[in-house]
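Dear colleague,

Please find below the structure that I am handing over to you. The findings follow directly after it.

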Amino acid sequence: MSSISPESLLDVELHPGRPPMLQAAATGDAPGWAAGHRDALRGVVAEHGAVLVRGLGLRDVAEVRAVFERLSTGLMAEREAFAPRRIYADGVYSSAQWPPNQPMCMHHELSYTLEFPGLMMFACLTAPTQGGATGVADAATVLEALPTELTERFEREGWLLTRSYNDEIGSSVIEAFGTDERSAVESYCRANAIEFEWQPDGALRTRQRRSAVVRHPVTGRRCWFNQVAFLNEWTLAPEVREYLIEVYGAEGLPFNTRFGGGDPIGEDVVQLLNEVYEANTAREPWQAGDLMLVDNIRTAHSREPFEGSRDVLVAMADPVRLSDCSPTVEVTAR
């Protein structure tokens, strides 16, 4: 049996520019199908970094949660979210609340935390009328396509995420940390290598330095693993960036990224990163009932602008410690 590939077991379709796809016959028992095909599906994700399963006919939250639970080793509660989500059930969330007309550029979920999901799972209950695909990009391929001088600098310095919390843009303190009690927030920050500062008006600002390049804990492959481009000011639409700077000031943006040494990241660098991501993006429009599994370390994902109603449920699973991924930047929690 070990000589049989996941593709031969599941007849996975491989097409340039599209994620690996599997046509599944609807049985009326999606959780049972997921349990029976768990190892093979996870084998496909290990082989290709992602797979889109079509034909299961997923219909509601309870069914999706049961599928997620059968495919993972355990669902995670989100901490340090960059944008609010609706909580449907323990470990089952909506997509991050982000303006439909603005893209969510390529990123690896929670790549700025010390423990992040190894597996992302998505299930579409309602597909948008236009756009809204969840694109994927291979992190090792992206790393190889970037200029060596740039990646070497990020390997030496890492990347810096700065956040200024408010109740209007992005996650609030309570949404990110699960509490707004100062002592509890401070304890979390110290335990997770996050510098913090309370502003005179009571607002919280944080800084955390992380590795931009890691090794996959299973394969050992070097991966471009971060949210350098997505959470940078230059990825925002010009009018949005100008508005936020006018309201909050250049140092008070809800989130921004820098080189690990503190130097600003130029618009040209962010544009280059997004261009390399786009050149290596695979995408397929959602259909209601679809399921997608993504290796969160090997594969970046995005959300394209959309029109109409879009209901995609998300689960984060199989937690991985940054320290198990050969980080190039030393991080010490206090």
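Helices, as the word is used here, are DSSP runs of H or I with at least four residues, and they are numbered from the N terminus. Just after one of these, α3, Gly 49 takes a positive phi of about 95°. Please note that the model is a predicted one.

The UniProt record, an unreviewed entry, lists residues 29-315 as "domain: TauD/TfdA-like".

Helix α3 covers residues 38-48, and its residues Ala 40, Leu 41, Val 44 and Val 45 are buried. Viewed down the axis of α3, the buried residues fall within an arc of 145°, so they line one face of the helix. Asp 39 and Ala 46, on the other side of α3, are exposed.

Helix α10 runs over residues 267-279 and has 13 residues. From the first C-alpha to the last, α10 reaches 18 Å, close to the 18 Å expected at 1.5 Å a residue. Which residues of α10 are buried? They are Val 269, Val 270, Leu 273, Val 276 and Tyr 277. Down the axis of α10 these buried residues fall within an arc of 125°, so they line one face of the helix. An α-helix has 3.6 residues a turn, so residues three or four places apart point the same way. Asp 268 and Ala 279 are exposed on the other side of α10.

The largest nonpolar core has 58 residues. Those with the most contacts inside this core are Phe 82, Phe 116, Phe 122, Phe 154, Trp 224 and Leu 273. Helix α10 gives the most to this core, with five residues. At least three residues of the core come from each of domain 1 (10-80 + 87-128 + 283-318) and domain 2 (142-274).

Strand β19 and its partners

Strand β19 spans residues 311-321; nine of its eleven residues are buried, so the strand is largely enclosed by the rest of the structure. Strand β4 (residues 92-94) pairs with β19 in the antiparallel sense over two bridges, and the bridge partner of Ser 94 in β19 is Leu 313. Strand β6 (residues 115-126) also pairs with β19 in the antiparallel sense, over ten bridges. Here Pro 117 stands opposite Pro 319 in β19.

In the segment after β19 lies Ser 323. Is Ser 323 buried or exposed? Its relative accessible area is 55%, and Ser 323 is therefore exposed, as the cut-off for exposed is over 50%. The C-alpha atoms of Ser 323 and Pro 103 are separated by 31 Å, and the two residues are 220 residues apart along the chain.

The four-stranded open sheet

Four strands form an open sheet in the order β5-β17-β8-β15, with antiparallel pairing. Its edge strands are β5 (104-107) and β15 (281-282), each of which pairs on one side only. Strand β8 (residues 136-138) is joined to the antiparallel strand β17 (residues 299-303) by three bridges, and Ala 137 stands opposite Ala 300 in β17.

Strand β11 and its neighbours

The side chains alternate along strand β11 (residues 204-210). Strand β9 (residues 159-164) pairs with β11 in the antiparallel sense over six bridges. Four bridges join β11 to strand β10 (residues 195-198), again antiparallel. Thr 206 in β11 is the bridge partner of Arg 163 and also of Phe 196. Strands β10 and β11 form a hairpin with five residues between them, and Gly 202 in the turn has a positive phi of about 95°.

Most residues other than glycine have a negative phi. Glu 80, in the loop between α4 (61-71) and β3 (87-89), has a positive phi near 65°. Its relative accessibility is 2%, so Glu 80 counts as buried. Leu 110, in the loop between β5 and β6, has a positive phi near 55°. At 3% relative accessibility, Leu 110 counts as buried.

With kind regards

Notes
Residues numbered from 1 in each chain as written. Predicted model: local features only at pLDDT ≥ 70, side-chain atom pairs only at ≥ 80, totals over all residues. Heavy atoms only, no water. Expected span 1.5 Å × (residues − 1). Buried < 20%, exposed > 50% of the residue type's maximum accessible area, 1.4 Å probe, protein only. Arc of directions from axis to C-beta. Pairing = 2+ DSSP bridges. UniProt positions renumbered as here; feature names shortened; annotations may be inferred. Core = buried A, V, L, I, M, F, W, Y, C linked by side-chain atoms within 4.5 Å. Domains from an automatic or database assignment.
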